[in-house]
Amino acid sequence: MAGQVVVMRAKYRISVKDPGVPGVLKLDDDKFVFIPHDPTSSAKLQVGFRTVKGHKFTKEGTNKQALLNITQDPEIKGGGFIFEFEKFSDRDVCRDFVGKALAKYIDVNKAAAEGSVAKLNTEQLSTTEIDRRINLLREDSELQKLHQQFVIGGILTEAEFWATRKKLLDGDNNRMVRQHVGFKSAMISDIRPQADGWTNKVTFNLTPEIIHQIFAEKPAVHQAFLNYVPSKMSEKDFWTKYCRAEYLHSTKNSVAAAAEAAEDEELAVFLKQDDILAREARQKIRKVDPTLDMEADQGDDYTHMPDHGIPRDGNKEISDSQYDQYKRNLLQDLNRHAAVVLQGRGIDDVDLADPRSVAEALASSKKIELATEAQYTNSNQAELVRISKITEIKDLQAPRELPLAPLSIKDPRDYFYSQQANVLKHLGETTRGMKPVKCHLRTQEAYSCMMKSISYIKDVGINDPTIKPELALKVLNGLTHNISSTKYHLRNNPQESFLNSLPTLMKEELLNHWTSIQELLKHFWSSYPITTSSLHTKVIRLKDAMTRIYPRLQEIKESAQSDLRHQVSLLVQPMLQALDAAFAHYDADLQKRSAKTAAGPNGCT
Amino acid sequence: MASAPSKLCTDDVSLLVVLLDTNPYFWSTSNDSSVSLSNFLSHVLSFLNSILFLNQLNQVVVIATGYNSCGYIYDSSLSSSSSITKSSGNGRVPAFCSELLENLEEFLTKDEKMSIEESIDGIGSSLLSGSLSMALCYIQRIFRSGPLHPQPRILCLHGSPDGPEQYVAVMNTIFSAQRSMVPIDSCVIGAQHSAFLQQASYITGGVYLKPQQLDGLFQYLITVFATDLHSRNFLQLPKPAGVDFRASCFCHKNTIDMGYICSVCLSIFCKHHKKCSTCGSFFGQAQSQAASMSDQKRKGLET
């Protein structure tokens, strides 16, 4: 791409709301230049990619503008440079160019920082990957600080830094997975015909979405569409006919519907009950467990009783068996709709705008379904097994073995002792003082001794005075002294952090060291056992970085004011210990390796 | 008095549940060393009396933490309002005290009958988990009595050493107290600190105290434990010096910074074990194989 130049017409906008200055955007390897059409305009730009941090762009959409935002270091300029393009395709060309240019700069930065070692690790990153990383860094200032400190500082490579944060990067990826959109849960019957007041016309609105739903919910219509269109009638005629049938239904006049159906064979298809649905229902009933007493259930179902079925659209008619097939039942419609919504959309990649292709796709998906169904029912043996499984009586079966190993929690005493040492130590008492009093007691004696005490107090009454004034004063003084001496070290609320009482500078420094030590240690321990030379150099780098932090921690500890020193050292101590452990491990490993390499040739000879 | 309608309860009305340690072995050894039961009871009864006088809606419940069983021995809402001020028959103690003492005697007789061993070594431990559960049950009932109820808290007057076998049960009660925002105050009258109560008070935000001079117990109780929860916000009460949250390993009881944790029961170990000593799950197969593999690899490279 060296020497390539992209020139594109664009508008430069200072902010997103700004109408923009029309001009020409010129991109080349290391900079972009914007020259406004109006030579007097001050919106001239010449910016090197060196200072650019990243770029953002709007998603493609019909009503959106094609924007490209090239962002810079926040210290240099607030938002960045926003360009509006005439077309998305123009924008994409520029976007890709900027992405490539930026990728090169990031690579260059990396190489400069890490020297020769990095070249081994330099991976070809896609622009989206880089974007994602930049976004993450921008959102999380702490992460950015770490990145600055270690990656720019040359202690970790870019790849190493991100390797431990794969989750963060993946998180973005997952969000991009498109969710399948199912059918709307609103029933199509809700789409009412619209009649305007003055003509005799009734208008139905059919969108591709609705057509798809009609096909899914009414197999008969679907079948009819496949049969008639376009051989027998045009698509428009078909839908007109369908709407007519719908209209007849909505007028709730089953007698009229029957009359119309008698005249027009095609219309009848829409008006009669759906044969395909009925067949499917029968098939389903056949699959029901034979031990289930369907007749009993039918008796419970009052919708089969006369005058209890709620006809569609809420009207009730005196039932007339002759016209029964032209009536629709609300419950049936509801059930069918629910089933279709739950089934979801069988087809995804078909253009909804063309009803013909939708119908065909649906038909083929249904065929597959039927095929698998048939396979299932044909295997008679499987059916029998299924039935026997359902009919088996649980109580008489041998217990099925659980695939779990039972948990055997041991004596709770173990948990206690592991805790107790800690608690007592910090109460300033050694476990030695905890040794039980050596004595041998008889139960009866003990109880009678207690009884004696109780009857004594009953006879003598409560001590008078309860407590001697001198003693009370002594106790009070003791308590007050105790409280005032601990007041300095402690806060009102024991849960409150000690950190808040530190000066902000020290607090920040401590937290900063803590996060960086965590980061370093994480990388340090994860590089063991050392198998490759790159791991070896990494460990050396990490160790050097940690040795640099170590004296700084010591400084903090010593610089703390006397009343805080104890608490600060308590905070710093674990960090020092963790570092010490790492150093010890490093030294031990080094020794082991050197011993091995020394012994190696000898052993061979 | 507590029969007064609960709608009068304000934020300074307390329900104090006192857990009395009635481990006979503890009290028969403590006679000579620290404080006798009769002295202790005298302090505690005076303290309970003061609580009841602090606010006429205050309620006191006393639960005995026995060696074999636990039991409610006094509930101020059940006794008549005049029993506090009136003296009982012989005039030595207020009527409510004699009621409490009689119940205590009754409880002890029952508790004695339940004991199996003729004699035991050492002091043994009383059933802290049981009495804590009873206290929490009582408090739950109060919580459900209506939107306005006295502010409950638990005070453990405990002397016996901790019973390790109760660890899980006690921790469970502590956490359920924490969940229902009931502070557990503890006053340790025994010779040693109690790890249970230390944790209970820390976790539930109560006060842990081990009085140095047990003959001045009443003063400690009235200074530290008498104030209602609302007033506590304005007082400086004794506080434990922070808690060390580092864990100790199950194998050597050492405090450790880094260790191995059983993925099944979360037991902590300072070294890698093949089998968890707590729950018995096996682990480490995959890791040890990988380690030996890399070892072999390394050897292969070197030769």
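Select Leu331(A) to begin: this residue sits in helix H14 of chain A, residues 330–343. Helices here are DSSP runs of H or I with at least four residues, strands are runs of E with at least two, and both are numbered from the N terminus. The model is predicted, so local features need pLDDT of at least 70 and side-chain atom pairs count only at pLDDT 80 or more, while totals for chains, interfaces and linings use all residues; side-chain values use heavy atoms, with hydrogens and water left out. Residues are numbered from 1 along each chain as its sequence is written, and chains are lettered from A and ligands numbered from 1 in the order in which they are written.

Leu331(A) has a relative accessible area of 38% and is therefore partly exposed (buried is under 20%, exposed over 50%, partly exposed in between, with a 1.4 Å probe and protein chains only).

Next, show helix H18 of chain A (residues 443–460) with helix H3 of chain B (residues 95–114). Their axes are 10 Å apart and they pack at an angle of about 170 degrees, so H18(A) is roughly antiparallel to H3(B). Axes are lines fitted to C-alpha atoms, for helices over the stretch in contact, and angles run from 0 to 180 degrees between N-to-C directions. Under 35 degrees counts as roughly parallel, over 145 as roughly antiparallel, 65 to 115 as roughly perpendicular, and the rest as oblique.

For the side chains between these helices, display residues of H18(A) including Tyr447(A), Met450(A) and Ile454(A), and residues of H3(B) including Leu101(B), Leu104(B) and Leu108(B); they belong to the groups that meet here. Contact means heavy atoms within 4.5 Å.

Stay with chain A and pick Leu476(A) in helix H19, residues 469–487. Its relative accessibility is 33%, so Leu476(A) counts as partly exposed. Beyond its neighbours within four places in sequence, Leu476(A) contacts Gln219(B) and Thr223(B).

Now move to Ile51(B), in helix H2 of chain B, residues 37–54. Ile51(B) is buried because its relative accessible area is 2%. Not counting residues up to four places away in sequence, Ile51(B) touches Leu16(B), Asn58(B), Val60(B), Arg153(B) and Ala226(B). Leu16(B) is 35 residues from Ile51(B) along the chain, with 8.4 Å between the C-alpha atoms.

Finally, show the whole of chain B, which has nine helices and 11 strands. Of its 303 residues, 55% count as buried.
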